[in-house]
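Welcome to this short briefing on a protein model. Take a moment to look over the sequence and turn the structure around, then read on with the picture beside you.

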Amino acid sequence: MQKMGKQKNKTASFSFWNWVIASIIFRLILIYFPKNLNLASRPEVSTPLTSFRRLAEGYWLKQLSMSPYAGFSFCFFFFSLCPTFFNFFFILIRQKKEMYLIFLVFGYSGSMYHGSPLLLSLLGPLTVKRIEGQPNHLLYSLVSVIADVVSAILIRATGKNLRLAYLRSLESLDIVQQTKASEILSPGDAAALIYLWNPFTIVACVGLSTSPIENMAVILCLYGACSRLVPLAAFGWVIATHLSLYPAILIIPVIFLLGCGPDAPPRKLFLQKNNKEEVLSKSKLRLGFSWRPITHFAFWALLWSAYVLVLCGISLKQFGGLWEMFKSTYGFILTVEDLSPNIGVLWYFFAEVFDFFRNFFLIVFHVNILFMIMPLAIRLHHRPCFLAFVYIAIFSMLKSYPSVGDSALYLGLLGWFVNELADIQFSFFLFCGYVGVSLLSPVMHTLWIWRGTGNANFYFATAMVYACLQIILVVEGVSAMLNHDRKLRNLATSKPQDAKS
């Protein structure tokens, strides 16, 4: 039996790596298509925070000893709608730098690049390097492919850790056999392959978005916390927060992971057993909360934060320092200055709202995320990884500038709970809805912008449907997980009665 199990594991591992290699080859084939299928200009893929063009513009300005956050504001929206004109205009600037730069700097105010200065130093050189006879930006595309593969490997490793910890907790309740019979797939392999082969992940990778880098930082944080590698978890959390701000709320699931351990059944089940001391002696779980890893995490988070801020300060020393970075990155996210179309709902709302009410609704939309943090944390504190999935899905839906790369992350993490959420309702409806929105969104955008036969309501309708689908996914996912916990409680409490009878 052991030999059969080993052979089965080897076969599964071999099959997994075959799928990984196939996903890499598929990405490279798409990269070699002319102009990367023009995905970099799609509003569903590139946002003001993740756009490759804005990264290239920021790096170019920095090379000219100008602030990377100096750029255009009046022509933002026009350029986002007319990428062909933008390319032509960019060529003119490169040919006559002095005349056009003076015109742009004094003619317009605002900023074009809104990302991290560290990305400019790391990825900026890849925006100008060319390999003769190869597609443009091939090196940058290879970095995105590597980020996707590393993220998938970390997702798989985290899924394995979650499954082992979960099986140990079920063994302490003597219900492992009942739950093993209902298992469908290995959670780690399923999650990794879902992430690699998700069309959203592939489009974000081929579309030269910085989303793969941001997703890798989030996954690195969760992997470090689940594996109890405190410095790695702190590093991933600091980098993810630095790049996108919204992952800051993931500190709550990380604290639960470090203090209580990975996902497990509700801890009151262990206390409801008849022989409490015997169960606790059998179990290797820590039913209490340990503060020592939390203090270590706080120390490492402060250390990494200081290190990142020092590097950013050095990089922007001649361009306004850290205040310029905070204003052009986090301030840009919180104030929703750029109203160019995307798959979110804020751009349309703030384009229509009166300026007098703008600040009020800014507070409402951002505080809406914060209002959901504590109730979910109280209800799902025993499942920190699932709590992280819910948080990521919520801020991917309500963030200022969402993209399909954000959805690729939480849909990949959903694979960790493929067995627990096997009874989720409306799964077929959600699948068809995501496919429909993915197909209709480019069509509506083309009818509005290029054909002129539609208007903004066409594109905004798909954004509203997309938001509703994410709401249904979160609500039904949480409901299915709570039902699974009730099922475990029934199995744990009914077993002693069956033994007596």
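This is a predicted model: local features need pLDDT of at least 70, side-chain atom pairs count only at pLDDT 80 or more; totals for chains, interfaces and linings use all residues.

Let's begin with one side chain: Arg42 is buried, because its relative accessibility is 16% and the cut-off for buried is under 20%.

**The overall picture**

- The protein has 25 helices and zero strands, so helices are what you will see when you look for these elements, given that helices and strands are both read as DSSP runs.
- Of the 501 residues in the protein, 53% are buried.
- The accessible surface comes to about 24000 Å², and carbon and sulfur atoms account for 67% of that surface.
- Take the contacts between residues at least 6 apart in sequence: 80% of them join residues at least 24 apart.

**Salt bridges**

- Side chains of opposite charge can pair when their charged atoms come close.
- Another one joins Arg27 to Asp148, and their closest N and O atoms are 3.2 Å apart.
- This pair links distant parts of the chain, with Arg27 in helix H1 and Asp148 in helix H7 (residues 138-173), 121 residues apart.
- Are these two partners buried or exposed? Arg27 counts as buried because its relative accessibility is 1%, and Asp148 counts as buried because its relative accessibility is also 1%.
- Asp485 and Arg383 form a further salt bridge, at 2.8 Å from N to O.
- Here too, distant parts of the chain are linked: Asp485 belongs to helix H25 (residues 456-500), while Arg383 is in the loop between helix H21 (373-379) and H22, and the two are 102 residues apart.
- Both Asp485 and Arg383 are buried.

**Aromatic rings**

- The structure holds 32 aromatic pairs.
- In one of them, the rings of Trp304 and Tyr307 have centres 6.4 Å apart and planes at 70 degrees, so the pair is edge-to-face. The reasoning rests on a cut-off: planes over 60 degrees apart count as edge-to-face.
- Where do these two residues lie? Both are in helix H16 (residues 292-315), three residues apart, which is about one turn of the helix.
- Trp304 counts as partly exposed because its relative accessibility is 23%, and Tyr307 is partly exposed because its relative accessible area is 48%.
- Phe386 and Phe389 make a tilted aromatic pair, with 5.5 Å from centre to centre and 40 degrees between the planes.
- These two are separated by about one helical turn, because they are three residues apart in helix H22 (residues 384-398).
- Phe386 and Phe389 are both buried.
- Ring pairs also join Phe235, Phe299, Trp300, Trp304 and Tyr307 into a cluster, so Trp304 and Tyr307 turn up again there through rings that pair when their centres lie within 6.5 Å.
- A charge can meet a ring as well: the charged end of Arg156 sits over the ring of Phe16, 4.1 Å from the ring's centre.

**A nonpolar patch on the surface**

- Which residues form a nonpolar patch on the surface? They are Ile21, Ile25, Ile29, Phe33 and Leu37, with about 440 Å² of accessible area together.
- Phe33, one of this group, is found in the loop between helix H1 (2-31) and helix H2 (52-63).
- Phe33 counts as partly exposed because its relative accessibility is 37%.

**A closer look at Val404**

- Val404 is placed in helix H23 (residues 404-413).
- Val404 is buried, because its relative accessible area is 8%.
- What does Val404 touch, leaving aside residues up to four places away in sequence? The answer is Glu44, Val45, Phe200, Val203 and Ile343.
- Val404 and Ser438 are 34 residues apart in sequence, and their C-alpha atoms are 9.3 Å apart in space.

Methods
Residues are numbered from 1 along each chain as its sequence is written. Side-chain values use heavy atoms; hydrogens and water are left out. Patches are made of residues with over 30% relative accessible area and no salt bridge: like charges are joined within 9 Å, nonpolar side chains (Val, Leu, Ile, Met, Phe, Trp, Tyr) within 5 Å. Accessible areas come from the Shrake-Rupley method with a 1.4 Å probe; for residues, only the protein chains shown count as cover. A salt bridge is a side-chain nitrogen of Lys or Arg within 4 Å of a carboxyl oxygen of Asp or Glu. Helices (H or I, at least four residues) and strands (E, at least two) are DSSP runs, numbered from the N terminus. Buried means under 20% relative accessible area, exposed over 50%, partly exposed in between (1.4 Å probe, protein chains only). Contact means heavy atoms within 4.5 Å. Rings of Phe, Tyr and Trp (its six-membered ring) pair if their centres lie within 6.5 Å; planes under 30 degrees apart count as stacked, over 60 as edge-to-face and the rest as tilted. A charge sits over a ring if NZ of Lys or CZ of Arg is within 6 Å of the ring centre and within 35 degrees of the ring normal.
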